[in-house]
Amino acid sequence: MTINIGNSQLKLLEKLCNAMAVSGEEGEVRAIVLEELKGHTDDLKVDALGNVLVTKKGSGRKRPKVMLAAHMDEIGFILTADDGEGIFRFETIGSIDSRQMVGKQVQVGKEHAPGVIGARPIHLTTADERRKKIPLDNLRIDLGPGGKAKIGDRATFATKFRRVGPSLFAKALDDRLGVATLIELVKNAPPNIDLLAAFTVQEEVGPRGAKVAAYAFDPDMAIAIDSTPANDLPTWDGEENTAYNTKLDHGPAIYTADSGTLADPRLVRLLTETGDAEGIPYQIRQPGGGGTDAGAIHKQRAGIPSVSVSVPGRYAHSAIGLVRLNDWKNTLALLDAALRRVNPSLLAGERV
């Protein structure tokens, strides 16, 4: 059975991306997840940190317990001081480059109050100031005198989801793509495993929710589903881009190493051999920085064999990201096919 991505899945992704769920306040996305999974689980609960933990049991004996994790939170801002007349100082939540902020529309608080991140216009800056990055302390979120917000409110970019030909544009594709993918995998869970799905919180500030979820599930193996930067734009001098990390249109990115995890070789082989056998395109993410929920998961209990799979995307942690629809389709296809090949002997094999 093949899981397809059609209009209903695209509508779900649109709803997820347009929702506001900055780390620590993931309620809007959590509500969507809970609604989507009604009637599709054997057990569903929300833990003390706000993770959504789902169990979907298979059939037969000696079923491996497979944890899949996708984080619900996104990068954003928190209001820290009221300067009056609807103008607020703020701090970032998660990694955001202040060069990406100036002039961007934002939405603030549970009512999604519209605002803008303002800075002095170019007419009032010096030549020396224009050569430097604007410090975060010099930026403000401006809601206007009628804007309703309070200190402690979260804010995020106000970008709306849209599809343009083969591409999808939205904020928070990291990691609403993973959330949408995991919802489909739960709805179509294979019978050979017990699927343990964790829709996690606070990944963008360190994989805190995943740590708790993995301890609770105590799985035999785990796969983190995420989105990873595709540094695949042409170089300024026309030379070959050899630092691309991942590329669009080359399928899901399978991790071997990042700043938090050395992927279990048996799980890397499971994914690559599945892709080869099923004719599903994939790529190996160039080892390097960054990380996923797997960084916390693999260190829980007595150790949990883990790997990450990501949809490559451009312009991560900015006001708008860009991915290819086919890369998402192939990520879902690879994960679905790989899960159906999991058996009790998988982790009994050699690690190398």
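Aromatic pairs and the sheet

This predicted model holds two aromatic pairs.

Me: Why is the pair of Phe 77 and Phe 90 called edge-to-face?
Reply: The ring centres of Phe 77 and Phe 90 are 5.3 Å apart and the planes stand at 80°. Centres within 6.5 Å make a pair, and planes over 60 degrees apart count as edge-to-face, so the pair of Phe 77 and Phe 90 is edge-to-face.

Me: Which strands hold Phe 77 and Phe 90?
Reply: Phe 77 is in strand E4 (residues 76–84) and Phe 90 in strand E5 (residues 87–93), 13 residues apart. Both residues are buried.

Me: What makes Phe 77 and Phe 157 an aromatic pair?
Reply: Their rings lie 5.4 Å centre to centre, and the limit is 6.5 Å, so they pair. The angle between the planes is 85°; over 60 degrees counts as edge-to-face, therefore this pair is edge-to-face. Phe 157 belongs to strand E9 (residues 154–157), 80 residues from Phe 77. Phe 77, Phe 90 and Phe 157 form one aromatic cluster.

Me: How do you know that the charged end of Arg 301 sits over the ring of Tyr 215?
Reply: The charged end of Arg 301 is 4.0 Å from the centre of that ring, and the distance limit is 6 Å. The charged end also has to lie within 35 degrees of the ring normal, and Arg 301 is listed as sitting over Tyr 215.

Me: What makes strand E1 (43–46) an edge strand?
Reply: Strand E1 pairs on one side only, as does strand E15 (283–284). In the order of the open sheet, E1-E2-E12-E3-E13-E16-E14-E15, these two strands stand at the ends.

Technical notes
Residues are numbered from 1 along each chain as its sequence is written. This is a predicted model: local features need pLDDT of at least 70, side-chain atom pairs count only at pLDDT 80 or more; totals for chains, interfaces and linings use all residues. Side-chain values use heavy atoms; hydrogens and water are left out. Two strands pair if DSSP finds at least two bridges between them. Helices (H or I, at least four residues) and strands (E, at least two) are DSSP runs, numbered from the N terminus. Rings of Phe, Tyr and Trp (its six-membered ring) pair if their centres lie within 6.5 Å; planes under 30 degrees apart count as stacked, over 60 as edge-to-face and the rest as tilted. Buried means under 20% relative accessible area, exposed over 50%, partly exposed in between (1.4 Å probe, protein chains only).
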